[in-house]
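I opened this notebook to record what I looked up in the structure. The entries follow the order in which I took up each topic.

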Amino acid sequence: MTDAPLLSLLVPAVGGQGGGVLLDWIVDAALIDGYPVHGTSIPGVAQRTGSTTYYVELSGERNQSVDGTPIFSLYPVPGALDVLLAPEFLEVGRSIELGFPSPGRTTIIASTHRLYSIHEKIVTGRGIYPIEKLQAAARAFSKRLIAFDALALAREHGTEANAVLLGALAGSGVLPLSAEAFREAIRTKAVQVEANLRGFEAGLAVAAGPDIERIMVGFPDGLRSIVREAIGRLVDYQDRAYAERYLERLRPFVQGADLELGRIVARHLAVWMTYEDAVRVAQLKTRASRFERIRRDKDVGAGELVVTDFLKPDLDEIYGVLPYRLVAPFARWAERRWPNGRPTIAQHVKTTTVSGFLRVWMLTWLRPLRPISYRAHQEHARIDRWLSAVTRCATWDNGLACEVARAAQLMKGYGDVRRRMAGHFDRLLEAVLRAAERDAVTGGKFETSRSLAARYRTLVLQGPESEAAAAALATGALTRS
């Protein structure tokens, strides 16, 4: 027997929510990581008059010997629960009524969607229990609350809510189990592995939010709404580490009383860091929420839905998702071979068929390679030059720095459009910095350089017919002595 601390987890589930599979995943993950564990279930009554509860206890330390096996309980102790993992929000209220969670100890992870109980359904008028009261109770009786609509997130990713909740449990960090152990448990269970892994990653990203909130300490209140939305976008795009990289890049621009520069950089940096490469396009085009939206907008109902995506990637977009070291020599050759535009591969893909969906969806498997991809190398090098230019301008004039920060609006489009806009962006930075240096030497108020940055950006954004005028404006600034 051992004196190692025991961690307790309760899953109050309704029939059909996969509570048994969720229990197996948690137990298997603990065993994979080498933690002694025991799981059990207590059957309830169907049709929302009661729930089947699943209870897990695991040691907080890995066993080193057979004699170190702890003695587990088969039932949770009121007030001594470490985790309440609820697939439906009324179950949080039921568990609170039974006294299981406590504000000094319990982390509550719950889906906010509702499956109405018999008592709510039989009332002649409106008998639905107010969600606001449930949320207030959950906050009052938890040390930490992670509440989100796991069912909606599951549908968006074509999976089940129990996999999403498993990811949220892993992301919460309340159990000493690694995320990879949970992934391996899903693979070992061998039930809808790919779909459940997608759900797990989605839940893992959601649970990263509270950690990001702690990282955001020190950011001004006036920026928090922008930054919070940016973090969600960046985690969905890549992962939590990518969102943390965003925060580190942003931090130097949020010092001082004037937040205007920080707000501009925060918005444009988030958009730029989530540039739409082939992986992102595939991710967006294969989400279940997209097909549901199309079905709703076209009023298809239960009828057959046929979606044909017209794709025309060029060479840059194709090799852009591959490792930089692998394709950089070819990319340089392609730029010399086709300086005015790369060849394209036009294709019509029916993403509502199995073969068409898989053709697009399999591109999302390249997501782990994105940080070392050719496109990432190019985009982040340009982002760093932009931030350096903004920093330098801020030492001269805050208004000038804001205008240079807004220049990131030019980085948009695909293929030839993207290359053309990147050329304009580079030309703007060069011309404005040259003009600002002259203003600094002459002791001016940087009105010339501010005006140049704003005018150039405005002309380019007006459309292709104004781009020649913008180029002439930059040429005049660069040749002026």
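**Entry 1: Thr286.** I began with Thr286, which I located in the loop between helix 12 (278–285) and helix 13 (288–297). I note that the model is a predicted one. Is Thr286 buried or exposed? I found a relative accessibility of 10%, under the 20% limit, so Thr286 counts as buried. I then followed its side chain, which reaches the backbone oxygen of Ala282 at 2.7 Å. Leaving aside residues up to four places away in sequence, I listed the contacts of Thr286 as Phe291, Phe357, Val360, Trp361 and Thr364.

**Entry 2: aromatic pairs.** I turned to the rings and recorded a count of 15 aromatic pairs. For Tyr237 and Tyr275, I noted ring centres 5.9 Å apart and planes at 65 degrees; the angle is over 60, so the pair is edge-to-face. Tyr237 lies in helix 9 (residues 221–237), and Tyr275 in the loop between helix 11 (260–273) and helix 12; the two are 38 residues apart, and the pair links distant parts of the chain. I found both Tyr237 and Tyr275 buried.

Phe291 belongs to helix 13 and Phe357 to helix 16 (residues 354–361), 66 residues apart. I recorded Phe291 as buried at 13% relative accessibility, whereas Phe357 is partly exposed at 24%.

I also noted one aromatic cluster, formed by Tyr319, Tyr324, Phe330, Trp333, Trp338 and Tyr374.

Entry 3: In which order do the 6 strands of the open sheet stand? I read the order as 2-3-1-4-5-6, with mixed pairing. Strand 2 (37–42) and strand 6 (144–148) each have a single partner strand, so one side of each is left without a neighbour in the sheet. Strand 4 (residues 83–86) and strand 5 (residues 107–111) pair in the parallel sense over 4 bridges, and I found Val83 opposite Thr107 of strand 5.

I then looked at what packs on the sheet. Helix 2 (residues 90–97) touches strand 1 (6–13), strand 4 and strand 5, and its direction makes about 145 degrees with that of strand 4. Helix 6 (residues 161–172) lies across strand 1, strand 4, strand 5 and strand 6, at about 155 degrees to strand 5.

**Entry 4: helix 1.** Gly34, which follows helix 1, has a positive phi near 85 degrees.

Key
Residues are numbered from 1 along each chain as its sequence is written. This is a predicted model: local features need pLDDT of at least 70, side-chain atom pairs count only at pLDDT 80 or more; totals for chains, interfaces and linings use all residues. Side-chain values use heavy atoms; hydrogens and water are left out. Two strands pair if DSSP finds at least two bridges between them. Contact means heavy atoms within 4.5 Å. Axes are lines fitted to C-alpha atoms, for helices over the stretch in contact, and angles run from 0 to 180 degrees between N-to-C directions. Buried means under 20% relative accessible area, exposed over 50%, partly exposed in between (1.4 Å probe, protein chains only). A polar contact is a pair of N or O atoms within 3.5 Å; within protein, one must be able to donate a hydrogen and the other to accept it, and residues adjacent in sequence count only if both atoms are side-chain atoms. Rings of Phe, Tyr and Trp (its six-membered ring) pair if their centres lie within 6.5 Å; planes under 30 degrees apart count as stacked, over 60 as edge-to-face and the rest as tilted.
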